[in-house]
Amino acid sequence: MKKLILTILLCCSLLILTNGCKKEEDNYKHYNLLTYKDIIYYNMANSEGWSQNYAIANITPEHSEGFEYGLFYELDDDDYILLEKFNDKVASALYNNKLYILYGYKIYEYNLNREKIDKNKLEFKYYKSISPETLRSIENDYIYFNAITDDDENKHIINIDLKCSLKDLECEPYED
């Protein structure tokens, strides 16, 4: 009976030791982005002042009918981990150490700290519903984008250029 208990304790100890020694980044899929062509690199400073490298890359498999893009964090030279996958094209911009990603007719604000993501969908305020389509730029606490919406009679879909505050998310039309 003592041998059985000792064997069980030994197995449990080994299991705890081997799982406890795994690094968090081992839970992610690793990529070398040198083999991909459509890549945008971003360098951000974290709260401790360390430089962090991120990338958005087109990782669409060959002969695929759709698109796949990924958000990556660089662990080491040419060793990136996949943080999030998108099943369509994305547009992105870095502003005030936050990454803004347009995906699926929505704009998300990402606060990134190594492999940790804090993602918020921005709910813009306009007098009618809008679907962001093209991210133009971000400057002076405003985000500029092209969106689709209905005309005032709700008869036709139209394109509109909007300027939206990143502070209160209020939008107004602008001319490019």
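Tutor: Tyr31 has a relative accessibility of 10% and therefore counts as buried (under 20% relative accessible area; exposed is over 50% and partly exposed lies in between, with a 1.4 Å probe and protein chains only). The model is predicted, so local features need pLDDT of at least 70 and side-chain atom pairs count only at pLDDT 80 or more, while totals for chains, interfaces and linings use all residues. Residues are numbered from 1 along each chain as its sequence is written, and side-chain values use heavy atoms, leaving out hydrogens and water.

Tyr36, at 25%, is partly exposed. Searching the whole structure gives eight aromatic pairs (rings of Phe, Tyr and Trp, the last by its six-membered ring, with centres within 6.5 Å; planes under 30 degrees apart are stacked, over 60 edge-to-face, the rest tilted). One of them joins Tyr31 and Tyr36: the ring centres are 6.3 Å apart and the planes at 50°, so this pair is tilted. Another joins Tyr144 and Tyr174, with centres 5.1 Å apart and planes at 80°, which means edge-to-face. Tyr144 lies in strand E11 (residues 142-150) and Tyr174 in the segment after strand E13 (171-173), so the pair ties together parts 30 residues apart in sequence; strands (E, at least two residues) are DSSP runs numbered from the N terminus. Tyr144 is buried at 14%, and Tyr174 is buried at 18%.

Note on methods: Helices (H or I, at least four residues) and strands (E, at least two) are DSSP runs, numbered from the N terminus.
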